[in-house]
Amino acid sequence: MKILELKLTAFGPFSGQTLDLSAGNPGLHVVFGPNEAGKSSALRALHAALYGIPGQTSDAFLHPYDALRIGGRLCHSSGTEIAFVRRKGSKTTLLAPDETRLDDRALERFLGGETSEKFEMFWGIDHARLVQGGRDILEGHGDLGESLFAAGSGVSHLRRMRSTLESEASALYAPRGHQRAVNQGVGKLRELRTAQREATVSGDEWARREQASRDAAVAITRLSSQERELVRERSQIERLKRVLPMLAERKGLQERLAALTDVVLLPEDFSKRRQEAETALRTARQNLERADTDLREQSELVDRLGPTPTLVAESEAVNQLHVDLGNRRKALSDRPRLIGQRDEQRSLAKRLLAEWRPELEIEESAALRVFVGRRARIQKLAAERERLNERLASAVRDGAKATEQKEALKREASQLPPTRDAERLIVAINEARRGGDAEDERNKAAQVVKRLTAQRDAGLEKLGFAAATADRLEELRVPSAAVIARFEARDKKVQDAVRATKSERQRLDKEIRELNAKIETLHTKKAVPTDEDLAAARSRRDAAFELLREHWEKGRDVTEKAREFLGKGKLIELYPRAVRDADEVADRLRGEAEHVAKLAQYLEDRKRFGREVADGEASGRHQKESAAAIESEWRAGWKPVLSTPPSIEDARAWRTDFERLLERSEALDEASESLERLDTWIEKQIENVRGAVTALESDTRPLAELVATLVAAERLRQRIEKENQARSEHARRTNENVQAAIDAEKAKRAAQAEIDEWQLKWTQATRGLLSGDAALPDDALAALDAIEKVLRALDEAAGYNARIAGIDRDAERFWGDVRALALRLGETVEHEYEDQWVESVHNRHAVALQEEERRRQARERQARLQDDIARYGQTVQEAELVLATLRGEARCAPDADLAVVEQRSAELRAWCKEIERVERDLVRSGDGASFAELEAEAAGVDRDTMDVRAGELGALLVEMEKSLAAARDARATARAELGLLHGPSAASEKAEEIQATLAKLREDVVRYARLRVASTLLARRIDEYRRHNQAPLLLRAGTLFREMTLRSFERLEADMDDDRPILIGVRPDGKRVPAHGMSEGTRDQLFLALRLAAVEASCATSEPLPFIVDDVLVQFDDERTAAGLRVLADVAVRTQIVLFTHHRHVRASAEAMNAPTQVIVHEL
Amino acid sequence: MFRFLHAADVHLDSPLIGLDRYESAPVDAVRSATRRAFENLVGLAIDEEVAFVLLAGDLYDGDWKDYRTGLFFVEQMAKLREAQIPVFVVAGNHDAASQLTKNLRPPDNVHFFSTKKPETRFVEAFDVAVHGQGYATREITADLAAAYPAADGRLFHVGLLHTSLDGRPGHAPYAPTSSQLLAQKGYHYWALGHVHKREVVSQDPWIVFPGNLQGRHVRETGPKGCTLVTVENGAVKQVEERPVDVLRWAVSRIDGEGASSTGEVLDRVAHAIASEADRSDGRALAVRVEVCGPVACHDEIASDPDRWTQEVRALAAGVGSADVWIENVRFATKRLTDLAQLATRDDAIGSLIRDIAAAEGNPAEIDALRASLADIRGVLPRDLLDGEDAVDPHSPETLARIVVEARELLLARIVRQGSVS
């Protein structure tokens, strides 16, 4: 694939630039960016155009994301081309130049199936990768496989990648590495398995521990029972030692008690009960005496106070009269004021009545009360009258306004324009418009005709016709395609023969050149001796010998002769040389017989080739004749058509063009016709419209264009429409005016009718309110207010009168009450002193009440004392009864001394208590045995040996306790051991840990294997790649390297270093230089040579792609830069190379190469 | 009306397999999982006041010797005894091999059926007859059910049997029998064990594998537990699955197609893990993550799968409501461009891919790869060389998988190295 064009439409700093990369074959294109930014952006643009703009891009600073556009034109090695535009996006990023959508995979074929990453990796190189490549060669000690693989894949850091794989793998596992994950895991697993085994508790172990626990329990049971037996015996002895004295004491006490059988055992509270009875009797008797005395005193007091007086019973009447007296005094003082107020109201009423109805007496004024009830109605009617007046006035105003308007309308009507009919005009406009934008269409048609005419003329010229031929194109008898094909075949045959002859001639020339060179070489090496040379040498030798023999045998001086034959020198010395020379010639003749034969062969070959050349030249002449014959036939065939026909190879294209010309000519005819049709139609429309306009406005100016005519007509139509609108508006307003006048008249009449009706109602409502008949609303309302005031004053005067009468009635009732009370008390009273009498009775009544209180208290006390006397008597009797009962209890005579009896009883009680105490002690010390059991036990014991046995038992028990403690310990231990077996299983925890370790190990093993296999695969692939590609790559890279190093190296070769193939540079003098013996710059050149060789190799087998070079020559001096450019130009014969640079010296070098067809310089 | 519980394949104290204890792994959440699941079973029996509990074999792992495990079983049975719940047990193939069964003295509410001949026990309060026979040896190839007595028609009959029935993939064919034969016995319910996946084989009569009580590795996914059966008027009225597991296993496949970055892939992974965690009913979750599909960031992932595994694990610590343990992360993503496309050109990369593809069928290559792994293979314990989770680097399957992974690793690194520099 070749990039013909790279369009930097909108990308990074670019707007609309284009890189034309179509020149060259395919050529080295040096793209110079004046600054690094421009160059890098262009590089990115190139990649983005081919493979899409990355999601995140720094190239959208000038153009927004959605406006980014780059594009180009590519040419496949098969010759097909594609033009495209790339936009930013996730899909459908590939467009045709007209921005229609292209298949996203449209470029795939052109990219030879290379992915974006691969393209970047393999089909491009920059300075950093060049330097890295050189460094990798050094670090790998020139490892041949690695170097070739790195160059053949474009992978940089191959060496680092390999060592990373290895180090990652060995971080996981190494045969003797203890710290590695896998080694550690395996070790941990082993430890865990041991731990698990140790933590496992077997069933037998469990059974053993359980048996131990059971045995301990049995031992404890046995020992406990023995101990209990000993304890029992020991406690029996101890008990007897305790109870024996008590048993003896109890016996003595029982004997004493037997002596007191006749004594009565009195209850313990006997004494207390007797003393209480005696005290109660004494107290009761004293109280009785005192009560009698008090009763006598009270009886005397009652007698002294005498009976209750009558006045006490009249308390209510006395108090009521006293209250009434106060009220009566206040009423008498109010009465004169009330009389005054009543008179004042009456005179007010009289005055008001005299103002409005002087003919009425005050007593008759009640008749006016009827108007108070009508007040609301009268007020409503008064308001109604005002509203009716207003309505009438408004109707009158409306009438006047309507009349005024009528006049105005009449004036306007006289100024309206006359009526015009626009119907015909509208029809004409519509008809003209139906043709659409006819003039536009006509102009387009005219342009088409113009364009087609120009194209036809150009076609005519291109085909070599005179312009006049245009009309008779169809009649021309152009040779048919078949005729052309026939000529082509004939021509091709002749041309093929010419080419074959020519290439044969070139081959022969080359062969002859080579033969000449070889012959030359043989000659220059040393002239090959001939048989004649040998004969000459031998004759010289024989001559010398003859001279020598002559000198020796005949003693002649032969110096002169020798000089003649052999040149200067003594004969004795010259002879051996002559012998040697002859031998040498003989030797050489024999030794170089091969050379001789070769030379002979070469000479013979050269002769043969010379003959072949002559033959070739003869065929050439023959071919020329054939070609001339074809040419003249060709011209003859074309004569009727063209005086100078196209060449045979161009004829097919000429014919295609001619056919196209015919098509265009036809199209032109059609277009001309349609233009004519449009013109006619437009003319007609203009005429129609103009006719309609003139009918309406005769003085209109005619216009030439349909559009202008239509605009004027339309304007006229709008004018007429506006006039019609004004007329109809005037008619509508006139109608409205007539209606308004009628409405005003109607309203006036209605208002008058309502006023009449109102007058009737008013007269009814106000009749009798004022002296006359016709009352005005305002007067009627004022009179109504005054009458209300009169009636209110009269009502108040009547109220005062009623109160005065009440006061008089109360005074009468008071006198009656006074008289009634005096009668009940048996007293007499005068009317005029009634007040003083009431006061005196009230005072006396208070004194009588105090005496009555003292009387009541004395009577109460008397009654209470009588009750006390009865109660004390009762108490005396009860106490005497208790004492009699106590004697009965003590079974003694009524006169016996109860104190003595009580003392004997107390003695008996004391002895009984003593016995009880001894028995209680016995029960406590006897461990719950009955007295009989204790006595029986005491009877059966040997008191003398008791203590000895007790000592023995103590010792036995101590022993027993020790045994028991030991047994209990044993049981606790066994139980604890068993208890440990319950709960979580340590073994299962270890098992879980084992599985976790295995899981990790499994992952680590897979990781290790993955890395290890990757490393092995890579190593083997590298080696394999070397074996398959070593020879061709080294050969080609060697050539490139020689050029780049300015022939300081001759070629590249493989060598062995520790059984490892390595890369060696060979100097022209045969010296072999390993990679580490080269300078850094030379190693960079070495890597570049290898990369270029790999790129060429790839182009040979698959679609070649452009090789993108980013400033790799920057570190080269001018001479080497030139050499580098030469090498790139050489490779650019195989595939396009685009070299981006921002260094002027690189551009200068490229320009200095002066090979404009192969090295093309561009500027961004 | 009464209810009973049916469980099987308890495998007490059997460890969980495949859980690497990486740093943020919720180790405590899954400790003693089988024990806690069994405690849940006992608790459920007490809460539901069941009439009896059936254990259809494989209480322990066959090669498990720690007696503490047996004691734990006895303690749990004692709790059921307090609640007056009888327990019927048949020994399975694992129990037959186990030494634990021999010395163990379970409380008197637990009955181990004879291993010599079929035996019948009655639960008189509910008119139930339970028939069963345990395994005397590890490998029973006879049809034990054939000798079980026929039902007499008066009682509710339950058959307790540890069997592979007519064969279940992944399970040894022990005590083989057929649904037809079981149906012919006239029982109401066949309580089976041995198959770890829950299955209702038939509803007339009911033939049920309750599955194991607690999943122990990633091949045992989903809820695990026991079966609660309700019986009314002498007939099965309801059969319910009751999960008692404390840790769920899940495999989560995430399709990365369309994801533009590793961040987006991780987001999808987080989302998938969170929704798995939501499904685990608050239990701890062990999940295997498998990422697949063509993704733009394939090379970034394939060049360092270990790093992305760590990323996923870190991610899991922060998502969802439950404790999440990432069992493993498998990356099977594809690059957007076809590998074959890269292989077409005759250059170093093309030949690398072609050669690796060819290497898979080339005995000399295989031998060379094996030789490079011989060292590590020599130190690996047996567990890693045998069995279902084996990673024997010499086995053809493992080697094939590793070669594919290695190829992707290599290509990804080459491509990244090439385009990064």
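Predicted model: local features only at pLDDT ≥ 70, side-chain atom pairs only at ≥ 80, totals over all residues.
Let us begin at the interface. There, 78 residues of chain A are in contact with 69 residues of chain B. The size of an interface is often given as the accessible area lost when the parts come together. Here the area buried between chain A and chain B comes to about 6,800 Å², and carbon and sulfur atoms give 61% of it.

Which parts of chain A face its partner? Helices H2 (116-122), H4 (144-153), H5 (158-172), H6 (181-199), H7 (203-258), H24 (946-981), H25 (986-1044) and H26 (1080-1101) of chain A each supply at least two residues of the side that touches chain B. Helix H25(A) gives the most to that side, with 31 residues. By residue type, the side of chain A that touches chain B divides into 35 nonpolar, 21 polar and 22 charged residues.

Charged partners also meet across this boundary, where 12 salt bridges are found between chain A and chain B. One to display is the salt bridge of Arg413(B) with Glu168(A), whose closest N and O atoms are 2.9 Å apart.

Now turn to chain A itself. Five of its strands form an open sheet in the order E7-E11-E12-E3-E13, with parallel pairing. Strands E7 (124-126) and E13 (1159-1163) of chain A are the edges, each pairing on one side only. Neighbouring strands of this sheet are turned by 15 degrees against each other on average, direction ignored. Strand E3(A), residues 28-32, pairs with E13(A) over 5 bridges, and Val30(A) stands opposite Val1161(A) in E13(A). Helix H3 (127-139) of chain A lies across E7(A) and E11(A), running at about 85 degrees to E7(A). Helix H28 (1144-1152) of chain A packs on the sheet too, touching E3, E12 and E13 of chain A, and its direction makes about 140 degrees with that of E13(A).

Chain B has an open sheet to explore as well, with 3 strands in the order E13-E14-E15 and parallel pairing. Strands E13 (247-255) and E15 (324-334) of chain B form its edges. Neighbouring strands are turned by 10 degrees against each other on average, direction ignored. Strand E13(B) pairs with E14(B), residues 284-294, over 9 bridges, and Arg253(B) stands opposite Glu290(B) in E14(B). Helix H6 (262-279) of chain B lies across E13, E14 and E15 of chain B, at about 150 degrees to E13(B).

Finally, a look at the backbone. Most residues other than glycine have a negative phi, and most peptide bonds are trans. In chain A, a cis peptide bond joins Asn25(A) and Pro26(A), with omega about -20 degrees; Pro26(A) lies in the loop between strands E2 and E3 of chain A. In chain B, Asp204(B) and Pro205(B) are joined by a cis bond with omega about -5 degrees, and Pro205(B) lies in the loop between strands E9 and E10 of chain B. Asp1059(A), in the loop between strands E8 and E9 of chain A, has a positive phi, near 65 degrees.

Terms used: Residues numbered from 1 in each chain as written. Chains lettered and ligands numbered in written order. Heavy atoms only, no water. Pairing = 2+ DSSP bridges. Helix = DSSP H or I, 4+ residues; strand = E, 2+ residues; numbered from the N terminus. Axes fitted to C-alpha atoms, helices over the stretch in contact; angles between N-to-C directions. Contact = heavy atoms within 4.5 Å. Buried area = accessible area lost by both parts, 1.4 Å probe. Salt bridge = Lys/Arg side-chain N within 4 Å of Asp/Glu carboxyl O. Nonpolar A, V, L, I, M, F, W, Y, C, P; charged D, E, K, R; others polar.
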